[in-house]
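Dear colleague,

My notes on what was found in it follow.

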Amino acid sequence: MISEIHPGSIASLVNAQHGSPFDLLGPHDMGDQHVSVRAFYPTARRLYLVNDAQQQRVEMNLLDDAGFFEVTLAGRRAELKYHYEVETHNGQHGTLHDPYAFPPQLSDYDAYLFSEGKHLYIYEKLGAHIREVDGIAGVFFAVWAPNAQRVSVIGDFNHWDARIHPMLLHVESGIWELFLPGLTEGAVYRYDIRSGTEGYYVQKTDPYGFFTERRPNNASIVAELSSYEWGDEAWKTARMGQDVLSKAINIYEVHPGSWQRKPDGTWLNYRELAHELVQYAQDMGYTHLELMPVMEHPLDASWGYQVTGYFAVTSRYGQPEDFMYFVDYCHQHNIGVILDWVPAHFPKDAHGLSYFDGTHLYEHADPRQGE
């Protein structure tokens with residue numbers, strides 16, 4: 001049995017223009033005790049649906065040569081648990097789960113708080129987050145692009161093909177989301193944005209991403225921030241019982257890339273900086289290190305004040321865990337850390353926040369005020 005799907009809907013998907021992929025892809029009840037499952041895998045020669053409960057393996061029907069498959073089974077969507085087995089055009093075989101079989105992950109309350117401008121922990125919701133959904137590990141992506149017609153997650157994992165993983169739009173908040181099962185830490189990705197404004201089309205770094213490629217590359221990288229084992233509990237406990245206004249504070253402001261270099265002219269990494277800077281601060285009687293911006297930025301010649309990644313420490317000096325080590329080491333040696341934060345003045349680089357979704361989403365439309 002093959003369900004009736006409007007060919008225009010399939011054409012929209014295979015041309016990377018479909019802005020509501022969950023209406024087309026994944027499992028759909030047919031109203032007669034049957035469920036239709038649809039998938040788009042342009043690299044697949046054959047695609048099989050494996051019913052996990054019944055251990056039933058069914059070859060799916062190819063409805064479009066671009067790689068759109070469908071199969072209709074007896075049953076209901078709520079009862080169906082499945083995965084795919086794929087045979088590619090070059091003869092490779094693999095097993096994968098369907099991103100469009102998972103329910104939305106962003107809660108209505110989170111979307112409401114964000115829309116009100118009152119979500120104090122939105123970085124825990126937007127961006128890329130490793131999590132487990134229905135017992136399946138993967139990465140949850142979410143990005144704010146209210147004026148986009150279609151947003152896709154692209155990366156090495158889907159050959160940077162914007163047709164394969166279009167996202168779900170929460171209309172009221174303008175947030176797009178998608179859970180990609182099987183994806184892990186270290187995956188390189190961007191958001192591929194087709195705007196609803198004047199045909200604008202762009203690929204953007206994740207504004208809430210925790211890590212990016214080292215310049216001049218600028219794609220985002222999925223990062224796990226919870227695996228580092230901190231050793232500064234004694235310092236934090238002692239700080240809680242102190243009256244900071246009654247103690248002397250002596251702050252050393254420093255730019256990590258300029259303070260000291262290796263003999264070959266390259267930068268010290270975060271771990272090397274920890275040992276060198278802490279020793280210097282202790283010798284000179286400083287109580288705190290204030291780092292000029294370590295948020296990701298595109299230009300080496302700057303001091304970091306033109307930010308493209310507010311939630312990502314720059315990859316120039318290492319990875320997030322290396323920066324955690326820096327802060328941890330400072331605390332363990334009784335040195336506080338202050339981060340210089342830049343609330344504005346991001347650059348116009350195409351991969352950054354400027355004209356994000358075909359509108360001045362993050363900046364003022366009048367350039368005189370935007371500057």
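In which loop is Asp134 found? Asp134 is in the loop between strand 9 (127–133) and strand 10; helices (H or I, at least four residues) and strands (E, at least two) are DSSP runs, numbered from the N terminus.

Two remarks on the source come before the rest. This is a predicted model, in which local features need pLDDT of at least 70 and side-chain atom pairs count only at pLDDT 80 or more, while totals for chains, interfaces and linings use all residues. Residues are numbered from 1 along each chain as its sequence is written, and side-chain values use heavy atoms, with hydrogens and water left out.

Backbone features

Most residues other than glycine have a negative phi, and most peptide bonds are trans. Asp134, however, has a positive phi, near 50°. With a relative accessible area of 55%, Asp134 is exposed (buried means under 20% relative accessible area, exposed over 50%, and partly exposed in between, with a 1.4 Å probe and protein chains only). Asn334 is not a glycine either, and its phi is positive at about 65°. Asn334 is placed in the loop between helix 6 and strand 21 (336–339) and counts as exposed at 56% relative accessibility. Pro216 lies in the loop between strand 15 (201–204) and strand 16 (220–221).

Nonpolar cores

A nonpolar core here is a set of buried Ala, Val, Leu, Ile, Met, Phe, Trp, Tyr and Cys residues joined through side-chain atoms within 4.5 Å. The largest one has 32 residues, of which Phe68, Phe141, Val151, Met167 and Tyr191 touch the most other members. Two or more residues come from each of helix 1 (7–14), strand 10 (136–144), strand 11 (148–155), strand 13 (175–181) and strand 14 (188–195). Apart from this core lies another, of 21 residues, including Val254, Tyr270, Leu289 and Phe323.

Leaving out residues up to four places away in sequence, the contacts of Phe68 include Ile5, Ile10, Leu13, Leu24, Leu25 and Phe40; contact means heavy atoms within 4.5 Å.

Helix packing

Two packed helices are described by the angle between their axes and the distance between the axes. Helix 5 (residues 270–284) and helix 6 (residues 320–332) pack at an angle of about 15°, with axes 8 Å apart. Axes are lines fitted to C-alpha atoms, for helices over the stretch in contact, and angles run from 0 to 180 degrees between N-to-C directions. Helix 5 and helix 6 are therefore roughly parallel to each other, a term for angles under 35 degrees. Among the residues that make the contact are Tyr270, Leu273 and Leu277 of helix 5 and Phe323, Phe326 and Tyr329 of helix 6.

Two histidines

His170 lies in strand 12 (residues 168–170) and is buried, with a relative accessible area of 15%. Its contacts are Pro104, Leu106, Ile175 and Glu177, not counting residues up to four places away in sequence. His333, in the loop between helix 6 and strand 21, is partly exposed, with a relative accessible area of 29%. With the same exclusion of residues up to four places away in sequence, His333 touches Val278 and Gln282. From C-alpha to C-alpha, His333 and Ile193 are 46 Å apart in space, and 140 residues separate them in sequence.

With kind regards

Note on methods: Angles under 35 degrees count as roughly parallel, over 145 as roughly antiparallel, 65 to 115 as roughly perpendicular and the rest as oblique.
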